[in-house]
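Colleague: Could you show me the model you have open? I'd like to go through it with you.

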Amino acid sequence: MQTVISSLAHTFVADAMDLARGAVGLIRNVMADVADATRHALAAPVDRLARACDVADMLPDAAPRHRRKGFDPLGIRGAMRTLRDVS
């Protein structure tokens, strides 16, 4: 009898932990999408101006980016890498 009770308790705890992990993953994905949309909205005028001034065609084409590991909400690491490639 005790084995059944401990098995049920273990299953309940494991399910609760999986539910918490899933909720955290969902919140992380939503926050990443909000950060991407905010970055796009804030950087759109600057990107349009940069494309208009790019007479030497040095800026990379706008291609869909793959998500990198780590949290970089404003894309600062990507911008610095692009500037380093231009010089």
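**Helices, burial and salt bridges**

Modeller: Start with helix H1, where the buried residues are Gly25, Ala32, Ala35 and Ala44. Buried means under 20% relative accessible area, exposed over 50%, and partly exposed in between, using a 1.4 Å probe and protein chains only.

Colleague: What kind of model is it, and how are residues numbered?

Modeller: It is a predicted model, where local features need pLDDT of at least 70 and side-chain atom pairs count only at pLDDT 80 or more, while totals for chains, interfaces and linings use all residues. Residues are numbered from 1 along each chain as its sequence is written, and side-chain values use heavy atoms, with hydrogens and water left out.

Colleague: How many helices and strands does the protein have?

Modeller: Two helices and zero strands. Helices are DSSP runs of H or I with at least four residues, strands are runs of E with at least two, and both are numbered from the N terminus.

Colleague: How far does H1 reach from its first C-alpha to its last?

Modeller: H1 covers residues 2-53, which is 52 residues, and spans 75 Å, close to the expected 76 Å. The expected span is 1.5 Å times one less than the number of residues.

Colleague: Where is the kink in H1?

Modeller: At Ala43, shortly before the proline Pro45, with a bend of about 45°. The bend is the angle between axes fitted to the seven residues ending at a residue and the seven starting there.

Colleague: Back to burial. What share of the protein is buried?

Modeller: Buried residues are 9% of the 87 residues. The accessible surface is about 7,800 Å², and 67% of that belongs to carbon and sulfur atoms. Such areas come from the Shrake-Rupley method with a 1.4 Å probe; for residues, only the protein chains shown count as cover.

Colleague: New topic: how many salt bridges are there?

Modeller: Two. A salt bridge is a side-chain nitrogen of Lys or Arg within 4 Å of a carboxyl oxygen of Asp or Glu.

Colleague: Which residues pair up?

Modeller: Asp18 pairs with Arg21, at 2.9 Å from N to O. Asp36 pairs with Arg39, with the closest N and O atoms 3.7 Å apart.

Colleague: Where do Asp18 and Arg21 sit relative to each other?

Modeller: They are three residues apart in H1, so about one helical turn separates Asp18 from Arg21. Asp36 and Arg39 are also in H1, three residues apart, about one turn of the helix.

Colleague: Is Arg21 buried or exposed?

Modeller: Arg21 is exposed, at 53% relative accessible area. Asp18 is partly exposed at 45%.
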